[in-house]
Each structure stands twice: as structure tokens, then as C-alpha cells.
Amino acid sequence: EKVPMTFLSGFLGSGKTTTLKHILENKEGKKVGVVVNDVAEVNIDGKLIRMRTKEMEAQDRGHDMSDTVELQNGCACCTARGDLMDSILKLVRLSIRRESRYDRIVVEMSGVSEPKNLRTDFANSQETHQVFIYVELQTMVTVVDSANFLALYTSKEKVRDMPHLVARP
């Protein structure tokens with residue numbers, strides 16, 4: 001049986017890391033592997049997850065940091081596609097060595113990623129990358145900033161012209 005995988009996406013500041021922290025704090029006995037993708041040179045989301053994991057471990061309700069892989073300096077839907085698949089495979093191989101299968105793998109995408117591109121890339125790579133022997137993309141979740149969603153949704157302005165939503169290299 002393949003491990004189900006969830007992509008967690010959304011604009012910068014929409015609450016992806018908060019949602020991921022909630023998942024990790026409320027696993028209800030499930031084993032969750034995590035890939036955190038941040039395009040910044042310093043993986044801020046990865047740092048936040050590490051800090052929260054240390055707090056959870058201290059309370060003995062933790063998420064083992066070896067269950068988390070960080071992708072840095074590249075967007076998984078653009079320049080780091082192969083790295084993402086290799087990172088997921090690394091998590092799966094780790095779980096096989098430990099004889100402790102993941103119930104789910106969650107991939108937190110960067111705030112600038114295009115989930116549609118990633119889904120297409122995964123669909124096109126089914127036959128060529130060995131990670132698909134072990135996992136299947138089951139769910140894509142997009143987090144929205146509800147306080148600003150309606151204004152952004154009805155705006156005639158293009159997202160690429162909104163610098164507060166899109167990181168520029």
C-alpha cells in the first residue's frame with residue numbers, strides 16, 4: 001500500500017506553517033513525514049518547525065526531527081523538482097529502515113510555488129522516478145488568508161503585480 005501524500009500550498013503569510021504545526025500537534029498517533037520547501041537562503045519555515053518540534057519533544061508528544069526534510073534555495077515546482085522527489089524518497093527509505101511506515105507525508109510548499117505545476121510534474125514523472133513505487137499524491141490543500149481573500153479574489157490586479165504576495169528573486 002502506497003503512502004498518501006498531501007501538498008500544502010498558499011501565498012506567503014497565508015498560514016501554511018501554522019497549519020503544518022497544527023497537523024503535527026494533533027496527529028492522534030499517526031506517523032507523519034514532512035518536507036518543508038522554502039525558497040529563502042535560510043529556511044524560515046524549517047526553523048519554525050524545528051523550534052516547535054523541540055518544544056513538543058520536551059513535552060513527550062513530539063514529532064521526531066528525523067521525520068522532516070528541508071528543501072532550501074529552490075522552489076519545488078521550478079528549480080528543485082528532482083530534489084523534492086529525492087527528499088520524499090529519503091523519508092520513505094528512512095521509514096523502511098526503521099520498520100515504521102508513515103501514515104502520511106505532508107509537503108509544505110513555498111509561498112511562491114504553483115501547485116498546478118507540481119501536480120503536473122508528479123503526474124508526468126509516475127513512470128520515471130522510483131518514489132512513486134512508495135507514495136501517491138492524494139490531497140492538495142491550499143491555505144488562504146481569509147481576512148484578505150475576498151478583496152484579492154475580486155481584484156482585477158494580477159497576482160504577479162502584488163509584491164506583498166510574491167517573493168521576488
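The structure is a predicted model, in which local features need pLDDT of at least 70, side-chain atom pairs count only at pLDDT 80 or more, and totals for chains, interfaces and linings use all residues. Residues are numbered from 1 along each chain as its sequence is written, and side-chain values use heavy atoms, with hydrogens and water left out.

The protein has 5 helices and 5 strands. Helices (H or I, at least four residues) and strands (E, at least two) are DSSP runs, numbered from the N terminus. From that terminus on, the order is β-α-β-α-β-α-β-α-β-α. Of the 169 residues, 41% are buried; buried means under 20% relative accessible area (1.4 Å probe, protein chains only). Contact means heavy atoms within 4.5 Å. Among contacts with a separation of 6 or more, 78% join residues 24 or more positions apart.

Helix α1 spans residues 16-25. Its residues Lys-16, Thr-17, Leu-20 and Leu-24 are buried. They lie on the same side of α1, because they cover an arc of only 90° around the axis. The arc is that of the directions from the helix axis to the C-beta atoms.

Lys-16 is buried but has no salt bridge, defined as a side-chain nitrogen of Lys or Arg within 4 Å of a carboxyl oxygen of Asp or Glu. Glu-108, the nearest side chain of opposite charge, is 5.3 Å away. Here Lys and Arg count as positive and Asp and Glu as negative; His and the chain ends are not counted. A polar atom of the Lys-16 side chain lies 3.1 Å from the backbone oxygen of Gly-10. Beyond its neighbours within four places in sequence, Lys-16 contacts several residues, including Leu-8, Phe-11, Glu-108 and Val-143.

Key
Buried means under 20% relative accessible area, exposed over 50%, partly exposed in between (1.4 Å probe, protein chains only). A polar contact is a pair of N or O atoms within 3.5 Å; within protein, one must be able to donate a hydrogen and the other to accept it, and residues adjacent in sequence count only if both atoms are side-chain atoms.
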